Amino acid sequence: HGKESGRGQCVRYKKFMQVEADERHILENDLRDALHNGDLSVAYQSIVDANSEEIIGYEALLRWNHRTRGEISPAVFIPIAEEARLIGNIGNWVLRTACAQAKSWPDHVRLSVNVSALQVEGGGLANSIIGALASSGLSPDRLELEVTESVFLDNHEKTDATLENLRSLGINLVLDDFGTGYSSLGYLRRASFSTIKIDRSFVKSATRGSSESMAIIRAIVSMAQELGMKTTAEGIENIREMDVMRDLGCTQLQGYLFSRPTQSVSDQASNSSDSLAVISFSNTELKRK
Ligand code: C2E
Ligand code: MG
Ligand code: MG
Ligand code: MG
């Protein structure tokens, strides 16, 4: 009897897996087309200085508006792009699109682009960046690459050399989602990161009163200070979270409180043509509410 139900479960599981595989296969083909028929776009979310609340940069976030299914999250399709080896082409398109866009922003405003570990391992990233910078005319010191610590999980020496090579182009490296993975302090030594991004989940638990999370954030922040790095707290959704993270010493803040990712940076201003000035103004307003 036990065997019977076990086998039944196994058959159901196999069917489930098959659907999963078919679904991934469909999305993979759709994604291949999306790159060519204009269904991908880049959204931008502001990053602000923790004290002045002025916009210091924007993070580029890839969007896919699927023809029949609507918006699909990058958390779903980036892993598919990686598995299908499409991430190199897609990542190259993101870099070119975002650098061209950022060229029209004021000179002090930076651009952050996420790159996956596979892009770093792939070998084509440096050329892709050189191409995007050359065709847009964007200065390398305005470009930041966000990588997660997954880049360090295998392939050690090659990864260090690749990151060092990227740094030598004059761009900045950001360690994204710190606090979610192994969060090894050794990683901070492995490449010259300019900024550590403290993951949203950490921000949440600290503001919910976890004294352990608060202590760890304090330690990360003071270590970053000693190493001359900035710290960005991601996922700031309300004033309480903003106050807690600023008081803990984070130098930059990002989250829905300031703005959601939008297709055009001027959407983040309150309908004026003098966009960027208005954005920092409305952030200050936000704070006073
Ligand atoms: P990430 O780089 O850690 O980006 C932050 C994510 O948090 C974004 O989700 C952003 O929309 C979301 N977020 C920002 N502020 C808030 C907030 O206050 N509350 C909440 N709940 N969420 C907030 P998104 O755009 O869905 O991207 C998810 C992940 O997909 C990114 O995480 C990044 O790892 C990846 N991704 C996005 N675009 C690209 C890309 O062009 N290339 C690569 N390789 N990965 C990308
Ligand atoms: Mg990021
Ligand atoms: Mg992040
Ligand atoms: Mg994250």
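On a 1 Å grid laid over the protein atoms alone, a pocket is an open set of points with protein on both sides within 12 Å along at least five of seven lines, and a molecule sits in a pocket if more than half of its atoms lie within 2 Å of its grid points. This is a predicted model, in which local features need pLDDT of at least 70 and side-chain atom pairs count only at pLDDT 80 or more. Residues are numbered from 1 along each chain as its sequence is written, and ligands are numbered from 1 in the order in which they are written.

Begin by selecting ligand 1, which sits in the largest pocket. Next, show the 22 residues that surround ligand 1 (each with a heavy atom within 4 Å), the closest being Arg-63, Asn-114, Asp-176, Glu-237 and Tyr-256.

Then display the polar contacts, that is, pairs of N or O atoms within 3.5 Å. A polar side-chain atom of Glu-59 lies 3.0 Å from an oxygen atom of ligand 1, while a side-chain N or O atom of Asp-176 is 2.9 Å from an oxygen atom of ligand 1.

Move on to the magnesium ion that is ligand 2, whose donors (N, O or S atoms within 2.8 Å of the metal) come from Glu-59, Asn-114, Glu-146 and Asp-176, at 2.0 to 2.2 Å.

Note on methods. Side-chain values use heavy atoms; hydrogens and water are left out. A polar contact is a pair of N or O atoms within 3.5 Å; within protein, one must be able to donate a hydrogen and the other to accept it, and residues adjacent in sequence count only if both atoms are side-chain atoms. On a 1 Å grid over the protein atoms alone, a cavity is a set of points where a 1.4 Å probe fits but cannot get out, and a pocket is an open set with protein on both sides within 12 Å along at least five of seven lines; lining residues have an atom within 4 Å of a point. Donors are N, O and S atoms within 2.8 Å of the metal (3.2 Å for Na, K and Ca); water is not among the atoms, so sites may look incomplete.
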